[in-house]
Structure formats: C-alpha cells, structure tokens
Amino acid sequence: MRLLIVENDASVRQSLALLLGESGYVVETEPDATRALSRATTEDFELILCGLKLQGMDGLSFLRRLRAEGGSAVMIMLSEQGTEDAALAAVREGAYDYVQQPFKADEVVMAVRKAEERERLRREVEALRSNVGISAVQELVVSQSPAMRNVLELASRVARHNTPVLITGESGTGKEVIARAIHRMSPRNERSFTAVNCGAIPEQLLESELFGHTKGAFPGATTDHAGLFELADGGTLFLDEIADVSSGLQAKILRVLEESQVRRLGGRDSRKIDVRVLAATGRPVEQAVERGEFRSDLYYRLNVVRLHLPPLRERPEDIPELLTHFARQMAQRLGHPVSITPAALSALTHHSWPGNVRELRNTLERAAVLGVGGPLDAKDFALTNGTGSGQNGAPNGSLDLRAQVEAVEREVIQRALQTSKGNRRQAANLLGISLRTLFYKLRRLPAH
Ligand SMILES: Nc1ncnc2c1ncn2[C@@H]1O[C@H](COP(=O)(O)OP(=O)(O)OP(=O)(O)O)[C@@H](O)[C@H]1O
Ligand SMILES: [Mg+2]
C-alpha cells in the first residue's frame with residue numbers, strides 16, 4: 001500500500017514516514033501542496049496523510065481540489081492546535097479521519113490500518129459491481145461463437161482499466177454494442193457514455209463539439225461552450241469512425257489523450273479531464289494507416305488494446321442465438337410472439353449477411369412486421385436461395401446509401417403487396433404510409 005505524506009513541518013514528515021515505514025507501508029513525503037496535488041492525481045497513492053496548514057493552500061482546499069480532479073485516495077488529516085475545526089470540516093467533506101498532535105504512534109497506525117481496510121472493501125465492492133455488469137452484458141451481447149466469446153472476454157478484462165481501446169470490424173458487426181458493453185462493465189458505469197460519430201459531423205463543427213469553444217472564438221460563437229471531452233468527464237467517450245477525420249484533428253485528439261487535458265477553441269487555459277476513450281472504425285485499419293488516412297501516432301495510441309469483430313458470415317454459430325434475441329425483443333414491441341420455422345432458420349444461418357448483424361436484425365424485423373401470423377417461413381424473408389452472395393434486394397456490396405434504401409423499400413413494398421394480394425390501400429396501411437405515398441413510390445421504384 002502506497003502512502004503519501006503532505007506536510008510542511010519537516011520533523012512531522014520524517015517521524016511519520018519512519019513510523020509508517022516500520023509498519024510495512026511504502027511511504028513518500030511531499031512538503032509542497034501543489035506538487036503533492038499533481039503527484040496525487042498522476043501516481044497511484046491509496047492513502048494520503050495531509051496537514052491542515054500547508055505551503056500554498058490549506059488542507060481543506062487540497063482535499064477539494066484532489067476530489068475535483070478525480071483523485072480517489074483515502075485522506076487522513078493531520079491536525080494541530082487550532083485546526084480542529086478545519087479537521088472536522090475536512091471529515092464532513094469526505095476525509096476518512098483525522099489524527100491530532102501530539103501524534104501517538106498507535107493512534108496513527110490504527111487510523112491508517114482502518115483506512116486501509118476501508119479501501120480494501122471499497123475495491124471489493126467495485127469488483128463485485130463490475131461482475132454484476134459482466135453478467136448483465138452477457139445477456140445483452142450475444143456471443144455464442146468462440147470468436148465473439150474471446151472478444152467479450154477481452155472486453156471484460158480491459159473494462160476496469162482506463163486504456164484506450166480500438167474496435168474494428170465491418171459495418172453492422174456490433175462495434176458500438178461492444179463499446180457500450182465495455183462501459184457497462186467498467187467502474188465508470190454509473191457515469192455517462194457518450195458516442196460521437198466523427199464521420200457524420202462536418203470537421204469544424206466536430207472540432208468545437210469535441211473541444212468546446214469560448215465566446216467569440218469564431219463567428220457565431222456567441223457563448224462559452226463545453227466540449228464533449230469535458231462533458232464526458234468521469235465517463236466514457238466513444239469516438240466512432242475515428243479514421244474519417246482529418247489528420248490535423250486526429251493530432252489534436254491524440255494530444256488530449258496524451259495530456260488528459262483539453263483547451264476550448266479560443267480559450268487560454270487547459271482543463272484536466274478524466275475520460276475513458278474508446279474508438280472504432282469500419283475501415284481496414286492497417287491499410288488506412290499505410291495510406292496515411294489514419295495517423296500512425298494516433299493509431300498506436302489507440303491500438304493498445306484492439307478488439308476485432310469478425311463479419312457475421314465467419315461466425316454463423318451466432319445467427320440462431322441472435323435471431324432468438326431479436327425475436328424476443330420484437331415480440332415485446334409488437335405484442336405478439338415472433339418465431340421462425342426450422343427451414344427459415346437454416347436459410348438464414350447459411351446466408352452471407354454483407355450488412356452483418358444489423359442486416360440480420362432488419363431482415364427479421366421486416367418479416368415480423370409484415371408477417372401474417374404464425375412462425376415465419378423462409379419465403380417470408382425474401383432471401384435469395386441458399387448460400388447466396390448476400391443480395392438482399394440491395395446491389396451487392398454497394399455502399400451507395402440511396403440505392404440500398406431504394407432496394408430495401410422496393411422489397412418491403414413488394415412484400416406488402418403480396419400480403420395484401422395486390423390491394424394497394426391495405427398495403428399502404430401495412431406499410432404505415434398514405435396511399436398517395438405508395439403510388440408515388442411505385443412510380444419511382446420500378447420493380448427492377
Ligand atoms: N453480439 C450482438 N448481440 C446483440 N446484438 C448485436 C450484436 N452485435 C450487433 N448487434 C446489434 O446489431 C446492430 C448493429 O450493431 P452496431 O451498431 O454496434 O454495429 P457497428 O459495428 O457499430 O456498425 P456501423 O459500423 O455501421 O456503425 C445493433 O442493433 C446492435 O444492437
Ligand atoms: Mg457504429
């Protein structure tokens with residue numbers, strides 16, 4: 001157990017250090033309060049013995065600033081003649097205890113032992129809580145396949161640390177699901193999880209969203225504005241599609257990671273932040289690094305822990321359980337049971353799912369919404385036969401969003417018309433659109 005003694009009186013410092021050193025603790029001393037504060041927030045001290053009159057600030061301010069900066073070490077105040085009120089005030093604000101001068105050896109050691117015991121309990125509770133998190137997550141994240149089980153196992157091991165994690169995998173493989181799972185299993189799980197899709201926000205806006213800005217920093221900045229790094233303090237920030245931002249902005253993000261502090265655009269001073277950063281990209285990363293799209297320094301910083309989600313076609317064992325999982329969710333939403341025939345299950349399991357888990361879920365949802373009751377059969381899913389290359393009506397492998405959306409629309413409309421046996425009014429009802437909209441769409445979306 002590492003102890004830090006913060007006290008300006010050299011003889012008190014030395015005698016306490018000697019006493020506690022003999023009792024088996026690793027003790028360090030620091031006369032200067034400001035330096036002590038920076039050590040207490042960057043090094044790993046479990047207990048701090050702190051005088052009430054210090055150089056630079058008093059003991060109560062030290063306690064407040066330590067907590068404000070996220071320091072969680074247990075505090076014992078060292079009180080002398082005339083500081084008893086301050087010692088009590090410190091205890092009210094979260095110090096564990098105080099000892100009074102003249103120090104009696106057994107009183108000091110006893111206070112430290114009790115604090116140590118409490119710290120041990122706190123850590124146990126934290127570990128228990130994150131275990132509860134783990135079992136909750138296992139219910140939320142389907143992981144039947146060995147590949148997914150490995151990913152979840154690694155995720156649960158890294159959850160309790162603050163290391164950045166880089167999550168990779170094709171679109172729809174569950175990158176955000178895993179990021180949320182890490183947050184839930186982490187000691188930060190009672191604080192916020194903030195997701196930012198870096199690829200979807202124009203660069204300049206993204207920069208001020210992330211870092212914040214001061215009034216007048218740029219035209220239109222009419223007030224001070226805290227950035228997401230600041231707002232996520234104590235919690236987790238998920239930077240999605242990280243490789244989609246410019247090299248300049250990547251460099252700025254890297255700086256925040258390295259220094260754990262942010263400066264608002266146009267601002268003068270930096271603020272210390274305590275944020276766990278998780279990042280994801282759907283691009284083949286190594287290639288993006290080679291091409292210079294993903295800065296290698298940021299990549300190395302984020303890649304400390306790498307979680308790769310294989311495409312669904314490489315882990316078909318997950319498909320039946322995913323279907324069960326989604327069917328249960330949909331049954332709840334739709335208010336009637338959703339089930340699948342064995343033939344349909346087999347067809348779905350052999351399908352190649354270019355859009356991965358998201359496509360699987362959408363396909364099931366579509367069938368469940370349009371189905372006429374009873375178990376869903378293979379024909380209800382409008383899959384191309386057998387182990388197709390995964391056309392689901394959509395142009396194969398195409399990333400053109402409009403084409404994809406139109407293909408899906410076309411397919412859903414056809415299903416609705418089949419169900420209504422060509423009755424357009426009924427089909428429009430099924431689709432939840434007006435008859436006019438249906439006519440319009442039928443004109444715009446020729447069958448092939
Ligand atoms: N293992 C899983 N268990 C349960 N649901 C999952 C799993 N993986 C993915 N999903 C579901 O699939 C959908 C897509 O997942 P997610 O948004 O995490 O993918 P993504 O990799 O972030 O995709 P994109 O790159 O397109 O953003 C979500 O609805 C999610 O709930
Ligand atoms: Mg995503």
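The shell around ligand 1 comprises 8 nonpolar, 5 polar and 6 charged residues (Ala, Val, Leu, Ile, Met, Phe, Trp, Tyr, Cys and Pro count as nonpolar, Asp, Glu, Lys and Arg as charged, and the others, Gly among them, as polar). The model is predicted, so that local features need pLDDT of at least 70 and side-chain atom pairs pLDDT 80 or more, while totals for chains, interfaces and linings use all residues. Residues are numbered from 1 along each chain as its sequence is written, chains are lettered from A and ligands numbered from 1 in the order in which they are written, and side-chain values use heavy atoms, without hydrogens and water.

**The ligand**

Select ligand 1 and display the residues around it: 19 surround it, and the closest are Ser171, Gly172, Lys175, Arg358 and Arg361 (a heavy atom within 4 Å). Next, show the polar contacts (pairs of N or O atoms within 3.5 Å). At Arg361, an N or O atom of the side chain lies 2.4 Å from an oxygen atom of ligand 1. At Lys175, a polar side-chain atom is 2.6 Å from an oxygen atom of the ligand. Val142 contributes a backbone N or O atom, 2.9 Å from a nitrogen atom of ligand 1. Taken alone, the ligand exposes 640 Å², of which the protein buries 85% (Shrake-Rupley method, 1.4 Å probe). Now colour helix 7 (175-185), helix 13 (318-334) and helix 15 (356-370), the elements that give two or more residues to this shell (helices are DSSP runs of H or I, at least four residues; strands are runs of E, at least two; both numbered from the N terminus).

**A helix pair**

Move to helix 8 (residues 203-211) and helix 10 (residues 247-259), which pack at an angle of about 10° with their axes 11 Å apart (axes are lines fitted to C-alpha atoms over the stretch in contact, and angles run from 0 to 180 degrees between N-to-C directions). Helix 8 is therefore roughly parallel to helix 10 (angles under 35 degrees). For the contact (heavy atoms within 4.5 Å), select Glu203, Leu206, Glu207, Leu210 and Phe211 of helix 8 with Leu249, Lys252, Ile253 and Val256 of helix 10. These residues divide into 6 nonpolar, no polar and 3 charged.

**Two backbone features**

Most residues other than glycine have a negative phi, and most peptide bonds are trans. Select Gln101 and Pro102, which are joined by a cis peptide bond with omega about -5°. Pro102 lies in the loop between strand 5 (97-100) and helix 5 (105-140). Finally, select Trp353, in the loop between helix 14 (342-350) and helix 15; its phi is positive, near 45°.

Methods:
Polar contact = N/O pair within 3.5 Å; in protein donor to acceptor, adjacent residues only side chain to side chain. Parallel < 35°, antiparallel > 145°, perpendicular 65-115°, else oblique.
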